Amino acid sequence: MARAKYTFSAHALKQLPADTCREVAFAGRSNAGKSSALNAMTNQHGLARVSKTPGRTQALNYFEVAPDRHLVDLPGYGYAKVPEEMRERWKQVINTYFHTRESLVGLVVVMDIRHPLREYDLQMLNYAFERSLPAHCLLTKADKLGRGEQGNTLLKVRKELGERASVQVFSADAKTGVEEARGVVARWLELRPL
């Protein structure tokens, strides 16, 4: 995954590549640390743009990690100061993407460990559950909590999701859980972990 490169942004589903590859989608609220997680997992500082203004991802951003293997950064929202009309359009695009995209082999939901399983997180997970897609949750910004609090939150989220999704603690800054997350995504993409 260290050779990941940005390939393109799709603002509409008709702009997506041929539905014959393997791709893993990354979703998360606008301030959950999704770009930082993608950068840490690919070991590239500026691959996904980290913005001081949440909600900048307004397209499906594709990053190629190997031929016909992609990470897809989905639009985040929650704190995004965007018009309701645009938010509704994103919702329709994402809904159609999840229900029709054959190349999609897994979903990573990025959530702040201090505020896990918010409505948007559950909505994204439900897309995966409806299609029986594997889902993995990154509890980001773990360095903001002590180890005891990290462990308690991890147990709570695992208990709530049961067998439907895997869950781990993650910190892009402290590099906590980066190898574990890479391993999950590499398995889904049928790549050897790098």
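Two strands are taken to pair if DSSP finds at least two bridges between them. By this criterion, in the predicted model examined here, strand S1 (residues 5-10) and S3 pair in the antiparallel sense, with 5 bridges. Within this pairing, Tyr-6 has Phe-63 of S3 as its bridge partner. S3 also pairs with strand S4 (residues 69-73), again in the antiparallel sense and over 5 bridges; here the bridge partner of Glu-64 is His-70 in S4. The hairpin formed by S3 and S4 has 2 residues between the strands, and Asp-68 adopts a positive phi near 60 degrees in this hairpin. Strand S3 spans residues 60-66, and because 6 of its 7 residues are buried, the strand is largely enclosed by the rest of the structure.

These strands belong to a protein chain with 5 helices and 7 strands, arranged along the sequence in the pattern β-β-α-β-β-α-β-α-β-α-β-α. Of the contacts between residues at least 6 apart in sequence, 73% join residues at least 24 apart.

The overall dimensions were also computed. The radius of gyration of the protein chain is 15 Å, which agrees with the value near 16 Å that a compact globule of 194 residues would have. Along the principal axes, the C-alpha atoms fill a box of roughly 45 × 40 × 35 Å. Buried residues account for 53% of the 194 residues. The protein chain exposes about 9800 Å², of which carbon and sulfur atoms supply 48%.

Technical notes: Residues numbered from 1 in each chain as written. Predicted model: local features only at pLDDT ≥ 70, side-chain atom pairs only at ≥ 80, totals over all residues. Heavy atoms only, no water. Helix = DSSP H or I, 4+ residues; strand = E, 2+ residues; numbered from the N terminus. Rg over C-alpha atoms; globule rule 2.2 N^0.38 Å. Buried < 20%, exposed > 50% of the residue type's maximum accessible area, 1.4 Å probe, protein only. Contact = heavy atoms within 4.5 Å. Areas by Shrake-Rupley, 256 points an atom, 1.4 Å probe, with all protein chains shown as cover.
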